[in-house]
Amino acid sequence: MVRVKAPALRAKSKDELVKQLEELKAELSTLQVQKVTGGATNKLSKIKDVRKSIARCHTVLRTNQRDNLRKFYLKKKYMPLDLRPKKTRAIRRQLTTHVAGLKTLLQQKKDSHFSQRVY
């Protein structure tokens with residue numbers, strides 16, 4: 001099998017990806033058997049390409065799965081930690097804009113009793 005490209009894999013459905021992954025794994029096992037039995041050198045160099053193709057299939061499957069989970073949790077109150085945006089630790093601990101804009105009861109009373117004069 002030739003080297004697979006990630007954009008070509010993204011266009012495929014999950015069933016097609018799983019099928020291709022099984023084919024690649026079967027090809028890898030035959031190549032490994034040929035390596036042990038003393039196969040040709042051009043077959044041995046193909047092992048690396050097949051392994052990388054398997055990794056690409058796994059990566060595309062995982063990204064598709066995570067995208068679907070993000071869509072599922074979009075309207076929910078909470079989202080799993082691994083699906084939330086990473087950002088930085090300081091930004092994650094920052095006050096939200098809503099909480100930062102709230103005023104205390106005392107400040108609300110001061111504002112209402114001593115409002116800004118208009119001339």
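Is S53 buried or exposed in this structure? With a relative accessibility of 1%, S53 counts as buried, where buried means under 20% relative accessible area, exposed means over 50% and partly exposed lies in between, with a 1.4 Å probe and protein chains only. The model is a predicted one, in which local features need a pLDDT of at least 70 and side-chain atom pairs count only at pLDDT 80 or more, whereas totals for chains, interfaces and linings use all residues. Residues are numbered from 1 along each chain as its sequence is written, and side-chain values use heavy atoms, with hydrogens and water left out.

The place of S53 is in helix α3, helices (H or I, at least four residues) and strands (E, at least two) being DSSP runs that are numbered from the N terminus. When residues up to four places away in sequence are not counted, S53 touches R3, V4 and L24, a contact being defined by heavy atoms within 4.5 Å.

The largest nonpolar core has 13 residues, of which L9, V50 and I54 touch the most other members; such a core is a set of buried Ala, Val, Leu, Ile, Met, Phe, Trp, Tyr and Cys residues joined through side-chain atoms within 4.5 Å. Helices α2 (14–37) and α3 (41–72) each supply at least two residues of this core, and α3 gives the most, with six residues. In soluble globular proteins, nonpolar side chains tend to be buried together. V50 touches L24, E27, L28 and L31, again not counting residues up to four places away in sequence. L61, which is found in helix α3, is in contact with K14, L17, V18 and L21 when its neighbours within four places in sequence are left aside. Although L61 and L9 are 52 residues apart in sequence, their C-alpha atoms are 9.0 Å apart in space.

A search of the whole structure finds five salt bridges, each defined as a side-chain nitrogen of Lys or Arg within 4 Å of a carboxyl oxygen of Asp or Glu. One of them is formed by the side chains of D49 and R3, with an N to O distance of 3.0 Å. Because D49 lies in helix α3 and R3 in the segment before α1 (6–10), this pair ties together parts that are 46 residues apart in sequence. D49 is partly exposed at 27% relative accessibility, and R3 is also partly exposed, at 46%.

A further salt bridge joins D82 to R66, the closest N and O atoms being 3.6 Å apart. Here D82 lies in the loop between α3 and α4 and R66 in helix α3, so the pair ties together parts that are 16 residues apart in sequence. D82 is partly exposed, with a relative accessible area of 46%, whereas R66 is buried, with a relative accessible area of 18%. Within helix α3, R70 forms a salt bridge with D67, for which the closest N and O atoms are 4.0 Å apart. Because R70 and D67 are three residues apart in this helix, they are separated by about one helical turn. Both are partly exposed, R70 with a relative accessible area of 32% and D67 with 39%.

The count of aromatic pairs comes to one, where rings of Phe, Tyr and Trp (its six-membered ring) pair if their centres lie within 6.5 Å, and planes under 30 degrees apart count as stacked, over 60 as edge-to-face and the rest as tilted. The rings of F72 and Y73 have centres 5.0 Å apart and planes at 80 degrees, so the pair is edge-to-face. Y73 is partly exposed, with a relative accessible area of 25%.

K87 is found in the loop between α3 and α4 (89–93), and K87 has a positive phi of about 50 degrees although it is not a glycine. At 55% relative accessibility, K87 counts as exposed.

L102 lies in the loop between α5 (97–101) and α6 (105–113), and L102 counts as exposed at 53% relative accessibility.
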